[in-house]
Amino acid sequence: MNYNCSSPSLLHRRGFVRGIASTAFAAALLASSGVLAADPIKIGLVTALSGQSARAGEALTRGATIAIEEINAKGGVLGRRLELVRRDDESNPAKGLLAARELIQREKVAAVIGGLDTPVAMAIVPFVNNAKVPFVDPWAAGTAITHNGAADNYVFRVSAMDQDVDKAIVQYASKKFGAKKPGLILVNNPWGESNEHGLKAALKAAGIEPAGVEKFQDNDVDVVPQLSRLKQAGADALFLVGNVGPSSQVVKSLDRMGWAPPIVSHWGPAGGRFTELAGPNAKNVIFVQTYSFFGNLSPVGKKVMAALQAKYPDIKGPADITPAVGVANAYDTVLIITAAIQKAGKVDPTAIRNGFYEIDHVDGLIKTYQKPFTKERHDALTENDYIWTRFEDNHIMPVASN
Amino acid sequence: MSLLPAIVTGLALGSMYGLLALGFHVTYAVSGTVNFSQGSSMTLGAVAGYFFLVLWGWPGAIGIPMVLVICAIYGLIIERYAVRPFVQRGSENWLMATVAVGIIVDNLMLFVFGKEPRGFPSILAVTPIQIAKDAGVYPLQLLIPVVGLLLAMVLHLFTRRTRHGVAMLAVVQNPNAARLMGINVGRAIAASYAASAILAGIAALLIAPLFNVSSDMGTLFGIKAFAAAIIGGLGSAWGVMLAGLCLGLIEVFATSYLGSVYTQIITFASVIVILVVMPHGLLGRAGVKKV
């Protein structure tokens, strides 16, 4: 067949071209090693850049970019510029792992930022612990990501963690609504399961007995039967864990029942067009976030807001920064990685990992981090750093604290 | 949950399954084949409906028929390229071919529509009607069973009382004899596929406001609808609709009285039990070839 073009002359020509190419490559390598000191320090970012979570991936990119530009404007770190190298994981664990491997082995990144979805992060965790390269999770909340049981843990997080969110949900509901008998309505997947454990533990610690635990499917049209069970069991508030689609089905089912209990939720609703899907009562769902650009901003908040507006023409005000959590977490993540590199004094992954433990002060967007990490604690945020928000029209607004 | 609300919710849910399941019945009654990706036909209808009616704001009088036309064309394409070539060869590969087309369509929808679920507003799904205490339903949820039963009746009458209908039944019994009698067998089968996809389109337009539109909305519905079609007996329109309602009721009762952890287990265990006790479905007849 003519697919098989194996004439000797062609082979020769190909071999010749290959030779030229490899010589050129070697020359380039030699040349570049001479100016290595001026080379940028690469920071990898593995996140969904397409599909359902593309907006969140874009928010992470923007937060990281603003921080990197700010650091580079001040002369970079260790005299070198920072550079962001992005890879799309398409919310697919296998692709996420592949991307992380490529960033570490080929791009030689100093650290990887990544993990929008818990399953993707969980796929990357064993690899980075093996490769001994710091991995900082700016989003995914799965408890096991940082609590991964590795003897030598290279995984850190600047985001909410399920276990802490669950504690915060219980605290908030009992303080704000006096909830004494909450009903749990959870999506039937690993995320729902993880929070079922967390919520039950948090309730037990608070001495509260739940009215019941009900699960619903991602594709359920009608959650009335589950909610009716909780209502009959005397639930005085609902704890909701589910992505934006299923969460909206809960709100619509409550509408039909004519039941309006306080709803305290994990951050699922923040991931999409909740008001469009759930209707006007979307505003009844109060959910956790790590940051909001609304209200009185700290000096860092004002600085980042101005930088975002200057760089991205589509950002006219705080409402245009969605999801704000992505921007804020990624911004702080880059500052923290930079601080760790500074402490390490060299671009060596293990030295940088040890640098995380030595960070004593970072002026972040979410808060001022004082000694954020220890060998036992790899999460920079705690349940006291969360804020409570709800949708007003299409914007995520902080709930007035009382 | 008291009895009445459970029944109301169950019937509303079950009629959605029944409505989609009618599509399986239509092609099976005429050709002995089905489009296994009926769920994807529904997704197609919902996405088309979202573009025409929500995004581009076409009036219903134009948008709804256009959705149904698109579905009909899709049904014809399925029949022409995924079913006919295999049936002509006496092969059962249409089974896999229709599944494959469904996967292709799902991925195309993902491409066109994106992964993010979107709302499909309808005036019939805004203010719930309180039938009893805690038993509110949207008017649309009452409309779906009505439409489903009406369509089942129309299909039943069409195949039993009209010349074309009887001709279509003749096609499945003996295509060659039917052909000799001057019945255009090819056209009858193609028409049944178009009708099947139109039914999916109707189901999509009725379900989307309750469910939101997403690129994978048809998957689970398709499976449940297929279960309904099998339980009902593929050959009977009434049986299929009845089985859909039963499935919805079983689901809601299992959730209400035992808890949501048991819903899927009880529902699909019931499917098996029903089929063991009634191998030809609720209203199916013995001697019909099963797929």
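**Two chains, asked and answered**

Visitor: Helix 10 of chain B passes helix 11 of chain B in a right-handed crossing. What makes that crossing right-handed?

Guide: A crossing is left-handed if the near helix is turned anticlockwise from the far one by less than a right angle, and right-handed if clockwise. This pair is the clockwise case, so it gets the right-handed label. Bear in mind that this is a predicted model, where local features need pLDDT of at least 70 and side-chain atom pairs count only at pLDDT 80 or more, while totals for chains, interfaces and linings use all residues. As for names, residues are numbered from 1 along each chain as its sequence is written, and chains are lettered from A and ligands numbered from 1 in the order in which they are written.

Visitor: What makes the contact between helix 10 and helix 11 of chain B?

Guide: Two residues are in contact if their C-beta atoms, placed from the backbone, lie within 7 Å. Helix 10 of chain B supplies B:Leu247, B:Ile250, B:Glu251, B:Ala254, B:Thr255 and B:Leu258, and helix 11 of chain B answers with B:Thr263, B:Ile266, B:Thr267 and B:Ser270. These residues split into 5 nonpolar, 4 polar and 1 charged. Here Ala, Val, Leu, Ile, Met, Phe, Trp, Tyr, Cys and Pro count as nonpolar, Asp, Glu, Lys and Arg as charged, and the others, Gly among them, as polar.

Visitor: How many helices and strands does chain B have?

Guide: Chain B has 11 helices and 2 strands, in the sequence pattern α-α-α-α-β-β-α-α-α-α-α-α-α. Those are DSSP runs, numbered from the N terminus: helices are H or I with at least four residues, strands are E with at least two.

Visitor: Why does the radius of gyration of chain B agree with a compact globule?

Guide: The radius is taken over C-alpha atoms, and the globule rule is 2.2 Å times the number of residues to the power 0.38. For 291 residues a compact globule would come out near 19 Å, and chain B has 19 Å, so the two agree. The C-alpha atoms of chain B fill a box of roughly 60 × 50 × 35 Å along the principal axes.

Visitor: Which elements of chain B touch chain A?

Guide: The contact takes 27 residues from chain B and 24 from chain A. On the chain B side, the elements giving two or more residues are helix 1 (3-31), strand 2 (136-137), helix 8 (185-211) and helix 10 (237-258). Helix 1 of chain B gives the most, with 4 residues. That side divides into 13 nonpolar, 10 polar and 4 charged residues.

Visitor: What makes strand 13 and strand 14 of chain A a pair?

Guide: Two strands pair if DSSP finds at least two bridges between them. Strand 13 (residues 387-392) and strand 14 (residues 395-398) of chain A have 4 bridges in the antiparallel sense, so they qualify. In their hairpin, with 2 residues between the strands, A:Asp393 takes a positive phi near 50 degrees.

Visitor: Why are strand 2 and strand 5 of chain A at the edges of their sheet?

Guide: That open sheet has 5 strands in the order 2-1-3-4-5, with parallel pairing. Strand 2 (82-88) and strand 5 (155-157) of chain A each have a single partner strand, so one side of each has no neighbour in the sheet. The twist averages 25 degrees from one strand to the next. Inside this sheet, strand 1 (residues 41-47) and strand 3 (residues 111-114) of chain A are joined by 4 bridges, with A:Leu45 opposite A:Ile113.

Definitions and conventions. Axes fitted to C-alpha atoms, helices over the stretch in contact; angles between N-to-C directions.
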